[in-house]
Amino acid sequence: MFRKKAATIAKKTIRWRSHEPSRLETFSDAVFAFAVTLIIVSLEVPKSFDELFETMKGFVSFGVCFALLFLIWNNQNIFFRRYGIVDAYTTFLNAVLLFVVLTYTYPLKFLFTLVFSGDNTYLSNGVKLSMIRTDQVPALLYVYNLGYVVIYFLFYLMYRHAQSHEKKLELTPFELFETKSQMYINLLNVLIGLLAMLMTTVLPSNIKGASGYVYFLLAIVYPLFFSIRGRKSGKLFGVVID
């Protein structure tokens, strides 16, 4: 009876097929660690209190960049723990993901430094210069939005690849349901990124920066999506997914 109950519970949980990091994951961790190093406010120890104060002003932007990189790393880590796939196609998708993360580290840091600094100037040889001109704002937003779209589309492809190997991985109906849920939520992220790009295109030049508010939709989309999928999961499997 205990074994029967245990088997029933197992069908309603997500198995981790990889318990030890592969060489691919170890390399990925090193790349993410390097990306975090690149977004550190300053690699040099401040020589005066004024320099220290300027360094600390970037604490919030560093925190946001760190949080975003951590979310991407965590999504990638969960994928490999769940499926343990290290074939050529997954390796390729993961390599592209790491390339995009490294490529967008500095644009990400620049964007959030600009957002949270409250000042569009920086000192260069004692002269205040503008960090960005109004006509350059759309290009910066396109860069950020494109990176966002590419990253979540890569996650979508990774989960779709896992779904295509459902028999080989011996995915249970519940695991297949959760895999599809991850595919859908990643596609929703892609659509939000595309919507932000569209808003950047159609808004007047003086308020194009407002297109970034599109990402606040995530605070609505995520709870709504997982509420709907959770209720469906409860009806099908008696388990509510988070």
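**Ground rules.** I number residues from 1 along each chain as its sequence is written, and I leave hydrogens and water out because side-chain values use heavy atoms. As the model is predicted, local features need pLDDT of at least 70 and side-chain atom pairs count only at pLDDT 80 or more, while totals for chains, interfaces and linings use all residues.

**Entry 1, ring pairs.** I looked up the aromatic pairs and found that the structure holds 18 of them; rings of Phe, Tyr and Trp (its six-membered ring) pair if their centres lie within 6.5 Å, and planes under 30 degrees apart count as stacked, over 60 as edge-to-face and the rest as tilted. In one of them, Phe-70 and Trp-73, the ring centres are 5.6 Å apart and the planes stand at 40°, so I noted the pair as tilted. I then checked the cover of Phe-70, which is partly exposed at 42% relative accessibility, and of Trp-73, which is partly exposed at 26% (buried means under 20% relative accessible area, exposed over 50%, partly exposed in between, with a 1.4 Å probe and protein chains only).

I next looked at Phe-225 and Phe-226, whose pair is edge-to-face, with 5.1 Å from centre to centre and 85° between the planes. Both Phe-225 and Phe-226 are buried.
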